[in-house]
Structures are given as C-alpha cells and as structure tokens.
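Let's take a friendly walk through this structure, from its strands to its charged side chains. Have a look at it first, and then read on.

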Amino acid sequence: MALAEVELKLEIDAAGFERLVSSNLLGDPDETVQQTSNYFDTSDNAFFAEGFTLRIRKVGAARTQTVKATGPTASIFARSEWEIPVTGDRPVIDHTSPLINEFGDQANDVRPKFDVVNERRIWNVTENGSNIEVALDRGSVRSVDREAPILELELELKDGKPEDLFSLARKIEGIVPVRFGVLSKAERGFRLLEAERGVVKAEPIELDRRASACQAFQTIASSCFRQFRLNETILRSRKNEDSLHQARVALRRLRSAITLFKPMLLDDEAKRLSADFRWLAGVLGEARNLDVLLPKAKAGELRDSLTEKRATAYDHVIEALDSSRARALMLDFNRWLHCGDYLSNGATTDARERPAGQFAAEALGKARKKLKKHGQDLSGVDDEHRHEARKDAKKLRYAAEFFRSLFPDKRGMRRYKRFVVAMEALQDELGALNDLATGPDVLEGHGLRGHAGADNLIVHADKAKLIRTAQDALDDVLDAKRFWR
C-alpha cells in the first residue's frame, strides 16, 4: 500500500537549540525568515470547534491567507488547505475557501485571536538519498495578556522514503534530547486562550467509514500517543496526579489498540514496543498507587512517609520519561507506526485492507466474548482471575471508544450510550474489588504495612457483596445490545 507523507514535529529546549545550531549536523541554514501569523476566528471560536483554522502570514511584504481543515473535517474535502495572496491585514472571506459554505453569514464575523511571531531557519538536507526540509522555529504565541514560547523542529519529506525522516531524527536526538510535538501552532494559540489545563482526557476519535483497518489503527494509535504526550508535558512541569493518571491511561489505551489489531501486526516490533510501553506504564503506576492512598491518611507519621515516598516515586517517573530508553521508545514507536514491516508484510495484506467497520465489529465481538469467558463466575475464582476480567472490561471499553464513530446511525448511537453506561458501572465495581485486593500489597511494598493507621488506608468492605454487585454489573454489560450490529 502507498504510504502517506509523514512530517515530524520535534520539540527541544533552549539549551538544545544552541547545541543543535552550533553542531556540524546541519551547518549554516539555507534560508532564515521572519514570520508573523495572525489567527482569526468567530467570537465563539466556531471555526476551530469545527476543525478549521484561518490565518494571515506575513513574510517580508508578502501576505498569504490560509484556511486549513483538520481532524474529521478534512476527510469530507478533496483538499485540506486553501491559500490565496492578500494585501491587507483582514481576512478575505469568499468562495475560494469552504468557510462561507460551512458557516454562512457567521463566517464574516471574524476577529483577531492571537499571533505567532517566529524566526524560521531552513535547511535542505539529503538523508540516504531522500530530500528533507528541516525548519527550526523559535518564537512565541501571543494573545492580549498571555504568551507562550515556541521552540521546535519540523522535518518534512520532499522526496524519498518516510523512514529517512526517522533516520535524520535519530541523528538529531544524538545531539539534543527531543520530544515529539503533537500540537500545531494554531492549537497552541487556542489553548493559550483557555484556562491552564491540568489534565487532558482522551479526545473523541473520528474514523472515516471508508477507511481500511490499517488506516483506522494508525488514527487510533496516533490519538493515544497524542493523549500521552499532552499529559506528559503537564506532568513534567506540574507533577500533578491527574495528568499522571491520564498519561498512564493513554499508554494502556495504546497497548489495547496494539492487542486489538494484532491480526495485522504480525511482527516482533509490535510485541517489543508494547512491552516497553508496559514498563513505562508500570513506573507511572507506582506513583499512581501512592496518589490513591495518600488522601486517605490522616496527618502524622504515616502521611509524612507516604508524602515522601510519593515525591520519590514522581522523581522516578520524571527520570523514566527523560531516560534514553523512553526517548528511543517514542522514536521507535512513531517510526514503526508509519514505516513498520506490518505495512508491507504480505501475510497481513488482507487484514490491513479490510474495511474498518467490518474489522471493528469482529474485534468488538472478540473482546466481548473474552470478557464473558473470564467474568462468568466472579465468585468462583481468585483475585488474579477477577483482575483479568477487569483488564478485559477495560479493553472492551477502549475498543468501544475507538470504534464508536463507525456506527453513527441512530440505533447504533443509542445502543452505544447504553453500553457505555453499563461499562462504567462495571469498571467502578471491578475497581473497588481491585482496591480491596491490592491495597495491602502496596503498603507492604513500601514497608508501611505495620505503621499505625495503615489499616485505615485499606478498603474494608464486604467482599462477597462487592463480587455479587460486580457480577450483576458484568451481566448488564453482556445483556446490553451490541451497538456494532
């Protein structure tokens, strides 16, 4: 199958910027330009909410107006970008772009939102015979009373093989630490207008019903990775429990996606990457366990010990995120996602090219069947087996969220809403059982089991009653009509 062009966005810090430009890797830039981009939207940001951005970019005396369609909006147009030269600083709203057709008279009610002021250094690089444009941007996003810095690299393939982008990215990473950027400059600007976020939950995934299973996987995996990176950025700066939890959820969702699509991912790299993501999620999990216990502790020696151990656990999280192993994992994963052997393995061609809806219905059916098998007698199995049922429930919930958009008819959406309500109740009950089983182990692992007040941190509940309630919730899930049929 033909590969879509891949553009890499890499974030670096100020020290890394200086090291990179003074290194011999890129040499002197072929061009340096000063850019000012003014972004516009309606009073209620209707363009951005529907997946459009409108800007006027000034380079020297030249002005270019650009309308972009992003996300699910892009799939309904033959192209996703409209450019025209303009002479003034106000947008020209006419039929050269889709805004009039999409928004009617509202499209004329536009106003300035924020500016991006940027110095761009450009290199034209040859890597293994491929022509790559490297753009190094240093500037800021500015609204009336807020400002945020921009320091990033964009690697755009002009001609050649997508994997050569990652070869060049690895060379850059050998000089300066890099992180994958997942926000456009427009997204940075609109986020600047919002209240500061302390957490980013999973965004709805919109799949094209005409997509293949392979295209669906790439969209889903990219969304999971984006959720992780957005929370990682917050976590590294604020060390707050919500962003840590959602970063861990993102990794679980990503590993679940790899499992769901296993029939077309017949290569050892998928297994290795999933194992490495499991390692990283485990490091985050150690801190998460302490986040759960700490609010239950009263002031005193035990709470002080938990606070100290939580701080240490968060230090370990940051060390893991900053480690060469984690940075290599992010590069390896993105290279594999866009250029991996699974894309050209003849043994998986049929699975890759299957319609996404057909693949989704089968995958959801298998996930439901697995939950039914492991959850048919929760009272007759041990804690470990109940934990397996809990993991099965999470995978089914994630799969439902991944594939929701492929079943948009009224009956499907109605069934989906009821299904999710039942799934939420099941996860709550299985989570309570898991807390009952793991609390003592967490305290024991940190040497706190014998502390005065430790028993108060452990869930004390009627286990038999919890199991019965969980079984009822599980039966409700299995009784719910399948939205994918």
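## Starting with a helix and its charges

Asp472 lies in helix H15, which covers residues 463-479; helices here are DSSP runs of H or I with at least four residues, strands are runs of E with at least two, and both are numbered from the N terminus. At 49% relative accessibility, Asp472 counts as partly exposed, because buried means under 20% relative accessible area, exposed means over 50%, and partly exposed is in between (1.4 Å probe, protein chains only).

Before going further, keep in mind that this is a predicted model: local features need pLDDT of at least 70, side-chain atom pairs count only at pLDDT 80 or more, and totals for chains, interfaces and linings use all residues. Residues are numbered from 1 along each chain as its sequence is written, and side-chain values use heavy atoms, with hydrogens and water left out.

Patches are made of residues with over 30% relative accessible area and no salt bridge, with like charges joined within 9 Å and nonpolar side chains (Val, Leu, Ile, Met, Phe, Trp, Tyr) within 5 Å. Lys and Arg count as positive, Asp and Glu as negative, while His and the chain ends are not counted. The place of a charge is taken as NZ of Lys, CZ of Arg, CG of Asp or CD of Glu. The accessible areas come from the Shrake-Rupley method with a 1.4 Å probe, and for residues only the protein chains shown count as cover.

There is also a patch of positive charge on the surface, where Lys262, Lys271, Lys369, Lys370 and Lys373 gather. Which helix gives the largest share of the positive patch? That's helix H12 (residues 356-374), with three residues. Lys271 sits elsewhere, in helix H8 (residues 268-293), and Lys271 counts as exposed at 62% relative accessibility.

## Salt bridges

Side chains of opposite charge can pair when their charged atoms come close. How many salt bridges does the structure hold? The count is 47, where a salt bridge is a side-chain nitrogen of Lys or Arg within 4 Å of a carboxyl oxygen of Asp or Glu.

Take Asp332 and Arg170, whose side chains meet in a salt bridge at 2.4 Å, N to O. Asp332 belongs to helix H10 (residues 324-339) and Arg170 to helix H4 (residues 163-173), so this pair ties together parts that are 162 residues apart in sequence. Asp332 is buried, with a relative accessible area of 15%, while Arg170 is partly exposed at 34%. Another pair is Arg253 and Glu401, at 4.0 Å, N to O. Arg253 is in helix H7 (residues 241-260) and Glu401 in helix H13 (residues 383-403), so here the parts tied together are 148 residues apart in sequence. Is Arg253 buried or exposed? Arg253 counts as buried, at 2% relative accessibility, and Glu401 as partly exposed, at 22%.

Asp383 is partly exposed at 32% relative accessibility, and Arg386 is buried at 7%.

## The sheet

Now for the strands: nine of them form an open sheet in the order S5-S4-S3-S2-S6-S7-S8-S1-S9, with antiparallel pairing. Two strands pair if DSSP finds at least two bridges between them. The edges are strand S5 (81-85) and strand S9 (179-180), each pairing on one side only.

A hairpin of four residues joins S7 to S8. Elsewhere, six bridges join strand S2 (residues 31-41) to strand S3 (residues 52-59), and Gln35 stands opposite Val59 in S3.

Finally, look for Ala62 in strand S4 (residues 62-69). Ala62 is partly exposed at 45% relative accessibility. The C-alpha atoms of Ala62 and Pro85 are separated by 7.8 Å, with the two residues 23 apart along the chain.
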